[in-house]
Amino acid sequence: MDRTFRIIQLIVLNFLFASFSNQNQETYDLTINVNALRNSTGSVVFALYNREDAFPDEHYKKYLRKMTGEIVNRSSTVTFENLPAGRYAVNILHDENQDGRINRGLLMPKEGIGFSNFQSVGFSNRPSFLKASFDLLGDKHVMVKIIYM
(Lines give C-alpha, C1' and ligand atoms only; values in the text may rest on other atoms or scores of the structure.)
Protein backbone atom coordinates (compact mmCIF):
# COMPACT_ATOMS: atom_id res chain seq x y z
CA MET A 1 0.00 0.00 0.00
CA ASP A 2 2.82 2.37 0.89
CA ARG A 3 4.51 1.71 -2.46
CA THR A 4 1.30 2.42 -4.41
CA PHE A 5 0.83 5.68 -2.55
CA ARG A 6 4.42 6.74 -3.41
CA ILE A 7 3.90 5.95 -7.09
CA ILE A 8 0.70 8.02 -7.14
CA GLN A 9 2.54 10.88 -5.43
CA LEU A 10 5.30 10.79 -8.06
CA ILE A 11 2.77 10.79 -10.89
CA VAL A 12 0.94 13.78 -9.42
CA LEU A 13 4.20 15.67 -8.84
CA ASN A 14 5.34 15.00 -12.41
CA PHE A 15 2.02 16.22 -13.74
CA LEU A 16 2.18 19.41 -11.65
CA PHE A 17 5.79 20.07 -12.63
CA ALA A 18 4.98 19.65 -16.34
CA SER A 19 2.01 22.01 -16.01
CA PHE A 20 4.08 24.74 -14.39
CA SER A 21 6.98 24.41 -16.81
CA ASN A 22 4.67 24.86 -19.83
CA GLN A 23 3.14 27.98 -18.30
CA ASN A 24 6.56 29.54 -17.80
CA GLN A 25 7.59 29.16 -21.44
CA GLU A 26 8.45 32.59 -22.76
CA THR A 27 6.45 33.81 -25.75
CA TYR A 28 6.94 36.64 -28.22
CA ASP A 29 4.96 38.84 -30.58
CA LEU A 30 5.57 38.87 -34.33
CA THR A 31 4.34 41.93 -36.22
CA ILE A 32 4.05 41.63 -40.00
CA ASN A 33 3.66 44.70 -42.20
CA VAL A 34 2.99 45.11 -45.91
CA ASN A 35 2.83 48.41 -47.75
CA ALA A 36 2.79 49.70 -51.30
CA LEU A 37 -0.24 47.57 -52.14
CA ARG A 38 -1.58 48.48 -55.57
CA ASN A 39 -4.88 49.60 -54.04
CA SER A 40 -6.87 49.56 -50.80
CA THR A 41 -9.44 47.09 -52.12
CA GLY A 42 -10.20 43.88 -50.22
CA SER A 43 -8.07 42.63 -47.35
CA VAL A 44 -4.72 40.99 -46.71
CA VAL A 45 -4.40 37.36 -45.59
CA PHE A 46 -1.36 36.70 -43.37
CA ALA A 47 -0.52 33.01 -42.86
CA LEU A 48 2.18 31.92 -40.43
CA TYR A 49 4.03 28.59 -40.72
CA ASN A 50 6.47 26.70 -38.53
CA ARG A 51 6.95 23.50 -40.57
CA GLU A 52 8.91 22.90 -43.75
CA ASP A 53 6.33 20.41 -45.08
CA ALA A 54 3.55 23.02 -44.87
CA PHE A 55 5.14 25.86 -46.84
CA PRO A 56 4.30 27.27 -49.35
CA ASP A 57 0.61 26.63 -48.87
CA GLU A 58 -1.32 27.86 -51.89
CA HIS A 59 -4.69 26.75 -50.50
CA TYR A 60 -4.14 28.02 -46.93
CA LYS A 61 -4.76 24.69 -45.20
CA LYS A 62 -1.49 23.92 -43.39
CA TYR A 63 -0.78 27.17 -41.56
CA LEU A 64 -0.01 27.46 -37.87
CA ARG A 65 -2.03 30.68 -37.55
CA LYS A 66 -3.86 32.90 -40.00
CA MET A 67 -5.08 36.46 -39.68
CA THR A 68 -6.85 38.86 -42.02
CA GLY A 69 -5.69 42.45 -41.99
CA GLU A 70 -7.61 45.55 -42.94
CA ILE A 71 -6.05 47.77 -45.60
CA VAL A 72 -5.52 51.42 -44.71
CA ASN A 73 -3.76 53.72 -47.19
CA ARG A 74 -2.48 50.73 -49.19
CA SER A 75 -0.85 49.14 -46.10
CA SER A 76 -1.77 46.42 -43.64
CA THR A 77 -0.30 45.20 -40.35
CA VAL A 78 -1.09 42.29 -38.04
CA THR A 79 0.55 40.95 -34.89
CA PHE A 80 0.73 37.26 -34.05
CA GLU A 81 0.89 37.18 -30.26
CA ASN A 82 2.23 34.64 -27.77
CA LEU A 83 4.46 32.64 -30.10
CA PRO A 84 7.13 30.40 -28.62
CA ALA A 85 10.70 30.89 -29.83
CA GLY A 86 11.26 29.04 -33.07
CA ARG A 87 11.61 29.18 -36.82
CA TYR A 88 8.73 30.71 -38.82
CA ALA A 89 7.82 31.78 -42.35
CA VAL A 90 5.05 34.04 -43.62
CA ASN A 91 2.87 33.73 -46.73
CA ILE A 92 0.71 36.74 -47.66
CA LEU A 93 -2.11 37.35 -50.13
CA HIS A 94 -3.58 40.70 -51.13
CA ASP A 95 -7.08 39.25 -51.43
CA GLU A 96 -8.69 41.97 -53.53
CA ASN A 97 -12.00 40.14 -54.03
CA GLN A 98 -12.00 38.67 -50.49
CA ASP A 99 -12.64 35.08 -51.53
CA GLY A 100 -9.80 33.69 -49.35
CA ARG A 101 -7.84 32.11 -52.20
CA ILE A 102 -5.23 32.99 -54.78
CA ASN A 103 -6.96 33.84 -58.06
CA ARG A 104 -4.94 33.04 -61.17
CA GLY A 105 -4.76 34.17 -64.76
CA LEU A 106 -3.22 31.66 -67.16
CA LEU A 107 -0.56 30.49 -64.71
CA MET A 108 0.32 33.49 -62.61
CA PRO A 109 -1.59 34.95 -59.66
CA LYS A 110 -3.85 37.91 -60.48
CA GLU A 111 -3.65 39.18 -56.92
CA GLY A 112 -0.55 40.19 -54.98
CA ILE A 113 1.41 37.57 -53.04
CA GLY A 114 4.35 37.83 -50.69
CA PHE A 115 6.70 35.66 -48.68
CA SER A 116 9.06 36.56 -45.86
CA ASN A 117 12.63 37.14 -47.15
CA PHE A 118 11.48 37.38 -50.80
CA GLN A 119 11.68 40.43 -53.06
CA SER A 120 10.66 38.57 -56.22
CA VAL A 121 9.25 35.21 -57.23
CA GLY A 122 9.86 33.27 -60.43
CA PHE A 123 10.62 29.86 -61.85
CA SER A 124 14.22 30.10 -60.63
CA ASN A 125 13.27 31.76 -57.33
CA ARG A 126 10.47 29.65 -55.89
CA PRO A 127 9.45 30.05 -52.25
CA SER A 128 10.50 27.39 -49.76
CA PHE A 129 10.43 27.26 -45.98
CA LEU A 130 14.23 27.18 -45.91
CA LYS A 131 14.51 30.44 -47.89
CA ALA A 132 11.53 32.22 -46.30
CA SER A 133 12.02 31.26 -42.66
CA PHE A 134 13.52 33.34 -39.88
CA ASP A 135 14.22 32.83 -36.19
CA LEU A 136 11.91 34.32 -33.59
CA LEU A 137 13.95 34.78 -30.41
CA GLY A 138 12.22 37.92 -29.13
CA ASP A 139 9.52 40.34 -30.25
CA LYS A 140 10.07 40.97 -33.94
CA HIS A 141 8.81 43.19 -36.78
CA VAL A 142 8.99 41.90 -40.37
CA MET A 143 8.28 43.82 -43.57
CA VAL A 144 7.07 41.71 -46.50
CA LYS A 145 7.04 42.92 -50.09
CA ILE A 146 3.86 42.15 -52.04
CA ILE A 147 4.57 41.00 -55.57
CA TYR A 148 2.15 41.58 -58.45
CA MET A 149 2.72 39.57 -61.62
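Trainee: Leaving aside neighbours within four places in sequence, which residues is Ser133 in contact with?
Mentor: This is a predicted model. Ser133 sits in the loop between α2 (129-132) and β7 (134-136). Set aside its neighbours within four places in sequence, and its contacts are Arg87, Tyr88, Ala89 and Asn117.

Trainee: Is Ser133 buried or exposed?
Mentor: Its relative accessible area is 6%. Buried means under 20%. Ser133 is therefore buried.

Trainee: Which residue has its backbone oxygen 3.5 Å from a polar atom of the Ser133 side chain?
Mentor: Look at the side chain of Ser133. One of its polar atoms lies 3.5 Å from a backbone oxygen. That oxygen belongs to Leu130.

Trainee: How many aromatic pairs does a search of the whole structure find, and how is the pair Phe55 and Phe115 arranged?
Mentor: The search finds four aromatic pairs. Among them, Phe55 and Phe115 lie 5.9 Å apart, centre to centre, with 85 degrees between the planes. Planes over 60 degrees apart count as edge-to-face. So this pair is edge-to-face.

Trainee: How many residues apart are Phe55 and Phe115?
Mentor: Phe55 is in the loop between β2 (43-49) and β3 (65-70). Phe115 is in strand β6 (residues 113-115). The pair links distant parts of the chain, 60 residues apart.

Trainee: Which parts hold Phe55 and Phe129, and how many residues apart are they?
Mentor: Phe55 and Phe129 also form an edge-to-face pair, 6.3 Å centre to centre. Both residues are buried. Phe55 lies in the loop between β2 and β3 and Phe129 in helix α2, so the pair ties together parts separated in sequence by 74 residues.

Key: Residues numbered from 1 in each chain as written. Predicted model: local features only at pLDDT ≥ 70, side-chain atom pairs only at ≥ 80, totals over all residues. Heavy atoms only, no water. Helix = DSSP H or I, 4+ residues; strand = E, 2+ residues; numbered from the N terminus. Buried < 20%, exposed > 50% of the residue type's maximum accessible area, 1.4 Å probe, protein only. Polar contact = N/O pair within 3.5 Å; in protein donor to acceptor, adjacent residues only side chain to side chain. Contact = heavy atoms within 4.5 Å. Phe/Tyr/Trp six-rings, centres within 6.5 Å; stacked < 30°, edge-to-face > 60°.
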